[in-house]
Amino acid sequence: MSEQPCDSSAPTLFTWEFATDPYPAYAWLRDHAPVHRTTLPSGVDAWLVTRYADAKKALADPRLSKNPQRHSAAAHAKGKVGIPGERSAELMTHLLNIDPPDHTRLRRLVSKAFTPGRVAEFAPRVRTLTDQLIDAFEERGEADLIHEFAFPLPIYAICDLLGVPREDQDDLRDWAGMMIRHGSGPRGGVARAVKRIRGYLAELIHRKRGDFGEDLISGLIRASDHGEHLTENEAAAMCFVLLFAGFETTINLIGNGVYALLRNPEQRAHMQRAVEEGDERLLAAGVEELLRYDGPVEIATWRFATEPLTLAGQRIAEGEPVLVVLAAADRDPERFAAPDVLDLTRRDNQHLGYGHGIHYCLGAPLARLEARTAIGTLLRRLPGLRLAADPEDLRWRGGLIMRGLRTLPVTWNSTGG
Ligand code: HEM
């Protein structure tokens, strides 16, 4: 690894305390070591980029490859870089692991099937799912919002969108649950879950080939670009990345977002009024601010230097991993006024929560639809919603890429018994 001066006052990263509140450590890094070399809990060395301007540049820098095989160490072979459990060769060739021209071709193909129009048509289904989930616990007067609400909503939504038959959706939910429960722990559980998901998707894609429907998988198989189609492996990898990228992120946007509102009563009152008055604009702007303030993707996915380069004065050698810390960039005082304050009416809010450049989140329209519907409906139907735990007792998952709560116990005054 390239050299970096050692500073004994540097904060300790990746502990449980850090997972609870990483923002003071990121502020230190922005000030003292904006491109900082660290050893990750997996033992892999990587550079952390924490300032907004550098982060934005790095996300769009073609010299930073997304292909894990560009890593100078053999860590990719041991499954230590990349998305957890995706070592299987069939699932490796997805958007977050490839560069142009392959990325351009695959993204163009998937964009033909995964259009904002298709997402908009899906709005009534997301509303129904949201209402059904709240119906199941409303009368009880208490719930764990992660397990009973934020977790099932995106998994059922993405299953419906892909065209997974309803009778199979609980299996997908269970395997997805295994992936995130084990995401930061033993990797055996992740590998098992990925294997089941892969087997299921391959079989489903095969079935759909003989019987096209109006769903996204059928659209993906049919999509063609200058006569080119996705192969079965590419289609399976694409479905896998849509599942992977689309569910834990959305769980955490809902979870972190509701938690931030409950801890900031004035802002919550503001959002409550917007919801009651049907002010969709404020609801939408509020969700963007929740994403900037404590978004679900703490660190963007892996990038690797394809040649020696200098970032913010720091030399980075060919093959070294670079991790862009979105959570740090989105609290950079050089870019945002009073960045540590949650301000739902913030006007200048070009956050990096969905990334930037050619890998900008493909699912952003779906994520926005789900988050607005989920948070808006919760506040409308459960106006007395409040935390049912001491914030000190809440635990964060502590994975590298995602930031989210393990549980979110809440209570409200029920009308039932
Ligand atoms: C709150 C929710 C979400 C957040 C915060 C989020 C964030 C992100 C970010 C930061 C990236 C770029 C990663 C990088 O450059 O390293 C990304 C890419 C991606 N996201 Fe999302 N995402 C969300 C929801 C979704 C959903 C619902 C889907 C699909 C169903 C989705 C699909 C994707 C895909 C396919 C990519 C890769 C795009 C590419 O490489 O061209 N995301 N997302």
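The model is predicted. Y52 is buried. Helix 14 and helix 15 pack with their axes 8 Å apart. Helix 9 is mostly covered.

**Y52**
- Y52 lies in helix 3, which spans residues 52–59.
- Y52 counts as buried because 23 other C-beta atoms lie within 10 Å, and the cut-off is 20 or more.
- Leaving aside residues up to four places away in sequence, Y52 touches A329, D332, E334 and R335.
- R395 sits 343 residues from Y52 along the chain, and the C-alpha atoms of the two are separated by 28 Å.

**Helix 14 against helix 15**
- Two packed helices are described by the angle between their axes and by the distance between those axes.
- Helix 14 covers residues 265–276 and helix 15 covers residues 280–294.
- Their packing angle is about 145 degrees.
- The crossing of helix 14 past helix 15 is left-handed.
- Helix 14 makes the contact through M271, A274 and V275.
- Helix 15 makes the contact through L282, L283 and G286.
- By class, this contact has five nonpolar residues, one polar residue and no charged residues.

- Helix 9 runs over residues 152–162, and ten of its eleven residues are buried.
- The buried residues of helix 9 are P152, L153, P154, I155, Y156, A157, I158, C159, L161 and L162.

How values were computed:
Residues numbered from 1 in each chain as written. Predicted model: local features only at pLDDT ≥ 70, side-chain atom pairs only at ≥ 80, totals over all residues. Helix = DSSP H or I, 4+ residues; strand = E, 2+ residues; numbered from the N terminus. Buried ≥ 20, exposed ≤ 12 C-beta atoms within 10 Å, placed from the backbone. Contact = placed C-beta atoms within 7 Å. Axes fitted to C-alpha atoms, helices over the stretch in contact; angles between N-to-C directions. Left-handed = near helix turned anticlockwise from the far one by under 90°. Nonpolar A, V, L, I, M, F, W, Y, C, P; charged D, E, K, R; others polar.
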